[in-house]
Amino acid sequence: MAGLEFYLDEMPGETRAVVTQNGEVHSLYIERDTDRFENRLGTQLVGRVARVEPGLKAAFIDTGAGEPFGFMSLPKAVHLTEGQKVRVQVSAEIRESKGPALKYLGEGQGDARILSAGPGVTQILRELAGSEEIITGLKAVEMSLHAEEEARNTSITRSDVGLDLAIQRTRALIAADIDYAPLPGRDSRKGRDAVNRFGLNEVARQLRLKHWGGIVAIDLAGVAFQGDSIVNLAKAVFSGWNGVAIGPLSRFGLLQVSVPWSHTPLDERLAHRDTVLLDSVRRLHHALLSDRATPVYELVCGAESAKRLAPLVAALGPRARLSADGPAGAFTIKQG
């Protein structure tokens with residue numbers, strides 16, 4: 001695809017990969033040092049059958065990463081027993097309270113162990129970039145901060161085309177509402193087709209960016225649609241996606257799309273308790289990169305936070321300092 005740029009933000013404790021297209025954030029991948037390879041997309045491993053669920057035609061697999069165990073739908077010809085060893089591959093990462101989704105590869109032997117780890121974010125970015133330049137340093141840090149802000153957004157306005165989009169994730173599905181944004185001096189109803197076209201593309205971008213999957217219910221702008229044209233438009237928007245299914249358009253203007261899960265959703269990643277700690281390290285890293293003349297920058301925090309942050313701050317080099325004199329739960333960056 002044209003107009004792509006690739007950014008790699010590496011810092012102690014966390015690595016982020018960002019892809020942009022024509023200035024818009026296309027993808028954001030986050031990898032933390034505390035992540036378990038057993039839960040990574042694409043990892044192949046030997047696991048132990050912890051429980052068989054005949055009614056679901058599935059089994060729960062102990063991969064060695066602890067609970068929640070992985071969930072694996074059973075092929076018709078496969079019959080497993082509790083304690084049996086199997087070779088599996090992670091087909092979708094953990095989300096909410098659910099373990100990873102697994103694909104059956106065959107019988108296994110020996111202890112639960114990793115056979116081959118799935119690609120990390122650096123490898124994913126290099127494969128996407130190919131021969132293109134990967135941007136690092138200060139620009140990459142700033143782009144990853146911008147990408148995080150984009151990933152947190154649930155309301156998107158495009159005044160140039162009159163698009164007002166709200167997209168939210170619930171336990172049951174993803175709800176997207178495509179609506180008109182006010183355009184001075186123009187009847188927005190006449191731009192229905194453009195709003196829905198841009199809206200569907202923006203829904204796809206948000207799903208990819210946020211790593212959201214499942215059933216997506218899209219409420220289109222306007223009424224009296226030609227169902228075939230809308231479905232064909234949706235098929236074109238999601239044409240490069242694997243496993244996507246497009247449902248028929250309802251008479252109420254509601255389109256349903258089924259998108260397979262893959263990576264852990266970013267809203268869950270960013271809601272993790274480590275996010276605030278790692279954000280303070282990223283802000284310290286940003287200060288060091290943006291101002292190379294100041295001899296020392298200091299991260300001030302509480303004593304408990306300092307215990308966890310000490311090795312991460314030390315890894316930033318001699319210009320980075322850590323002080324445990326701050327209040328609990330607060331993080332301040334100051335010049336030394």
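Which residue in β3 is the bridge partner of alanine 17? In this predicted model, that partner is tyrosine 29.

## The four-stranded sheet

The pair formed by alanine 17 and tyrosine 29 belongs to the antiparallel strands β2 and β3, which are joined by eight bridges. These strands are part of an open sheet of four, ordered β3-β2-β1-β10, in which the pairing is mixed. Because β3 and β10 (134–135) each have a single partner strand, they stand at the edges, and one side of each has no neighbour in the sheet.

Strands of a sheet are held in pairs by backbone hydrogen bonds, in either a parallel or an antiparallel arrangement.

Strand β17 (residues 297–300) runs antiparallel to β19, and four bridges join the two. Within β19, lysine 334 is the residue that stands opposite glutamate 298.

## The packing of α3 and α4

Two packed helices are described by the angle between their axes and by the distance between those axes. For helix α3 (residues 192–210) and helix α4 (residues 227–237), the axes come within 10 Å and cross at roughly 40°. This crossing of α3 and α4 is right-handed.

On the α3 side, the contact is made by Asn196, Arg197, Leu200, Asn201 and Ala204, while α4 contributes Leu233, Ala234 and Val237. By class, the residues of the contact of α3 with α4 are five nonpolar, two polar and one charged.

## The largest pocket

The largest pocket holds about 1100 Å³ of space. Its lining comprises 35 residues, of which His26, Ser27, Arg208, Gly240 and Trp241 are the closest to the centre.

Two or more residues of this lining come from each of β1 (4–11), β2 (14–21), β3 (24–32), α1 (121–129) and α3. Helix α3 provides the largest share of the lining, seven residues. The lining of the largest pocket divides into 19 nonpolar, 11 polar and five charged residues.

## The second largest pocket

About 700 Å³ of space lies in the second largest pocket. This pocket is lined by 33 residues, and the closest to its centre are Asp35, Arg36, Ile94, Thr264 and Arg269.

At least two residues of the lining are supplied by each of β3, α1 and α5 (266–271). Strand β3 gives the most to this lining, with five residues. By class, the second largest pocket is lined by 11 nonpolar, eight polar and 14 charged residues.

Definitions and conventions: Residues numbered from 1 in each chain as written. Predicted model: local features only at pLDDT ≥ 70, side-chain atom pairs only at ≥ 80, totals over all residues. Heavy atoms only, no water. Axes fitted to C-alpha atoms, helices over the stretch in contact; angles between N-to-C directions. Left-handed = near helix turned anticlockwise from the far one by under 90°. Contact = heavy atoms within 4.5 Å. Nonpolar A, V, L, I, M, F, W, Y, C, P; charged D, E, K, R; others polar. 1 Å grid on protein atoms, 1.4 Å probe; cavity = no way out; pocket = protein on both sides within 12 Å on 5 of 7 lines; lining within 4 Å. Points joined across faces, edges and corners; volume = space filled by probe spheres on them. Pairing = 2+ DSSP bridges.
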